[in-house]
Amino acid sequence: MLFKVPSRLQLKYILSYMLIFLIPFSIMAFIFYQNSVSSLRDEIELSNINNLKNIKTLTDNRLKELEKTASLISYNPKLAPYMIEKNEFQSDAIKQLEKYKETSSIIRELYLFYQNHQLVYSSKGLMTKEIFLKYRSSFQNPDQALLANEIMNADFPQVSANLKLFSHQPVFLYPLTSGSGNSNGTLLLQLDETFFEDMLRNSLGSFEGNVFILNQNNEMIETYANGKDSSLDSADIEKIVKNQSGISEIKINNVNYSIATVKSETSSWSFVTVIPTEQFFIKVSEFKTFILLVIAFIVIATSIISIYISFRQYGPIKKLIDFVQGKDTDYQATNKNEFDSLQKSIENVFINHEVLHDKFAKQEPLIRDQCLIMLLQGQMKAVDHAKELFESFQLNFDNGYFFVMTASLPKLHLSDIHLEELECMANQLLTDTNVYEVELINDNVLAFIVKSKNNHLADKQQFLDKFEQMLLELEPSAIIGVGETYKGKEQINRSFIEASAAHESGKVTEKQGITSFSAMKESQASLWLPKEHLLKLSHSYKQGNAEIAKESTKSLFQWLKQHHSSILLFRHMKYDIINTILKTVTEADINFNLEKIYYLTDIDSLDLLEEKLAQFTDEICIEINKNKENQKNVLQSNIFKYITEHFNQYDLSLENLANEFNLSTSYLSRFIKEETNITFSQYVWELRLNEVKKQLIETKLPVKDIISEVGYIDVPNFTRKFKTTVGITPGEYRKVKTEA
């Protein structure tokens, strides 16, 4: 049934309703727009002042820290000139400098310069001044006069504005005085390049402009520019620094700039932001555009709905609604506007699809790692059941030859390594060779499954040589264990245990680079039990693999039967096998009665001893696998405990957390998302938000102090996020809760 064409009166009603709505809405939007210009500008200027005050506070604290460290060095008798010039005390002095360096996170290196001394003293050793200038510094024109004029003549503690010895890294000079009060040298501290950078990076927010830090003589200490180009030259900067503390404006090259200045009473330094005034109106312009779009949307939507309802049949819409109701069990139709219900249902379909896709994308690397770990642990039943999952990740292990490598990087944190890039580099080492990397959290090592189409020893050796060179360039103290090559994915676990045994041997002998399991067998003397079998036995227990543990035990007893020795020597070898098992079980710290194994020492028959050990192996491996799972759960618990205890620290980040637990940032990010269904930053935000709510209700501290105590530097930004999440500002929240 067709609707009738609306009459002229109906058209007038439609137009009247639209005018009645649009006219007051437009007036309100205009008034709101005018008020927003001044309030938004005041808010931005206040935010800039607060940011500068935070930078000032951080800078003052860091300068105090540097002066304290330098003062301790100057009064250290082991670093006095008459002591340090003696050869027998120089090594102790270097250790002292190294200790001071390690106690500070912002000091990259310390250098001691003494009058009439040709040597420069640092935590890395001694050097002449010529060598210091030529090799240790980035100074382009090494000159002894530089030391005399710039370094040795420093008369008060200062961050040098002119001395550019280390490129972008700041330099702190501290004069050393003798007992008579005269300067007898200078302590030069090479500061981390992020000393100022981290503080200044976020000071401008989304605005383009400049930030300056000037010393008491208005000399430039540090500058930061946010934007494609900065049109300020030295003359312009000189005009800017003449402004007093607070907010002011200046016109440079026909461009108006808003200047915010804060001065430190402690260091007499000035902190200045310079932002083009026109940028203040960008957000206002965006808000204006938003209002116009809202008005346009309402007008267009109202017109379309009116015309559509007047001239279209309801039949096709009803069919569509019936179809959605049949497919969507959550669909709820409303009599007022069935289009809204239909739109929400369709939106939910797309939202659910996007959520599922995003969740799978985030969990994909973690699931891939679990698939590889199943192969390493020899869980072949689970691998067969997950065949489609392996195919979805393009993990083809059906055909080919495989061997496993395990590697540890003693001096390098896993958080410092980009594991995806490392795997990509390994795959480019040799044609027809595929490498799959996985991070083993419990063992704190990296495992590499290498697949090749053939079993040529020369190709394997060529790959190992290139891989060893690549890994040693990343970490010179890397230890790599390599298992033997087997055909079929069923033998990957066997190669993994052999690689772990070779890796353990490399750690014991402190051998950097590759230790091959096959080389261990070739070098083993026949006088005593084969070392490779003992290590393989130990690591099969550590991996909880009862099958290979029994196989290794059988190999050791076969060796004993084939090599006839004296009764005494035979007995000691038997004790060695039992002690290896006892040591492994003890180190695993599992719930197992060791007295069961102690009594085995009284058995003289090898067959009976082998039979008894086989009976205990399954029980031991079950307990070890339980213990490994418990260790993983403890690690997970410790991670969330650490976040809960440190969420109020402003420098808490995913990178610092990964470094604390020696995990890769990618693994840690995926783990937190899997456990909480939210990201790391969202999890920390909720902890801080709940703590702020609690203190707003239970204490009378100012809102600014409460926000700062939970680790948030940008108070206005936190206030906006609080209002977006809760619906009201922190001050309003406190008022509502205290009056309730």
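Reader: How many residues of strand S11 are buried?
Author: In this predicted model, seven of the seven residues of strand S11 (residues 270-276) are buried, and the strand is mostly covered.

Reader: Which residues point one way from S11, and which the other way?
Author: Ser270, Val272, Val274 and Pro276 point one way, while Phe271, Thr273 and Ile275 point the other way. Residues of both sets are buried.

Reader: Which residue takes a positive phi in the hairpin of S10 and S11?
Author: That residue is Ser268, with phi near 65°; the hairpin has six residues between the strands.

Reader: Trp269 next. What is it in contact with?
Author: Apart from neighbours within four places in sequence, Trp269 is in contact with Thr59, Leu63, Val159, Phe196, Ile213, Leu214, Asn215, Gln216, Ile221, Val262, Lys263 and Ser264. Trp269 is also listed among the residues with the most contacts inside the largest nonpolar core, together with Leu66, Leu112, Phe172, Leu187, Leu189 and Phe196. That core has 41 residues.

Reader: Which helix gives the most to this core?
Author: Helix H1 (residues 8-74) does, with eight residues. A second, separate core has 24 residues, including Leu372, Tyr436, Phe496 and Ala499.

Reader: Now the open sheet. What is the order of its six strands?
Author: The order is S3-S2-S1-S6-S5-S4, with antiparallel pairing. Strand S3 (125-128) and strand S4 (158-159) stand at the edges, and each has a single partner strand, so one side of each lacks a neighbour in the sheet.

Reader: How many bridges join S5 to S6?
Author: Seven bridges join strand S5 (residues 171-177) to strand S6 (residues 183-191), and the two run antiparallel. Tyr174 stands opposite Leu187 in S6.

Reader: And what does helix H3 touch where it packs on the sheet?
Author: Helix H3 (residues 87-102) touches strand S1 (107-114), strand S2 (119-122) and S3, and its direction makes about 140° with that of S1. Helix H4 (residues 129-136) packs on the sheet as well, touching S1, S2 and S3, with its direction at about 100° to that of S3.

Reader: Changing topic: is Thr515 buried or exposed?
Author: Thr515 lies in strand S17 (residues 513-516). Its relative accessible area is 7%, and since buried means under 20%, Thr515 is buried.

Reader: What does Thr515 touch?
Author: Not counting residues up to four places away in sequence, Thr515 touches Ile480, Gly481, Val482, Ala502, Ser505, Gly506 and Met520.

Reader: Last, helix H27. Which of its residues are buried?
Author: In H27 (residues 730-739), Pro730, Tyr733 and Arg734 are buried. They cover an arc of only 100° around the axis, so they are on the same side of H27. Lys735 and Glu739, on the other side of H27, are exposed.

Reader: What covers the buried residues of H27?
Author: The cover includes helix H24 (680-698), helix H25 (703-709) and helix H26 (715-726). H24 has 19 residues and reaches 27 Å from its first C-alpha to its last, close to the 27 Å expected at 1.5 Å a residue. Among the buried residues of H24 are Phe680, Trp685 and Arg688.

Technical notes. Residues are numbered from 1 along each chain as its sequence is written. This is a predicted model: local features need pLDDT of at least 70, side-chain atom pairs count only at pLDDT 80 or more; totals for chains, interfaces and linings use all residues. Side-chain values use heavy atoms; hydrogens and water are left out. A nonpolar core is a set of buried Ala, Val, Leu, Ile, Met, Phe, Trp, Tyr and Cys residues joined through side-chain atoms within 4.5 Å. Buried means under 20% relative accessible area, exposed over 50%, partly exposed in between (1.4 Å probe, protein chains only). Helices (H or I, at least four residues) and strands (E, at least two) are DSSP runs, numbered from the N terminus. Contact means heavy atoms within 4.5 Å. The arc is that of the directions from the helix axis to the C-beta atoms. Two strands pair if DSSP finds at least two bridges between them. Axes are lines fitted to C-alpha atoms, for helices over the stretch in contact, and angles run from 0 to 180 degrees between N-to-C directions. The expected span of a helix is 1.5 Å times one less than its number of residues.
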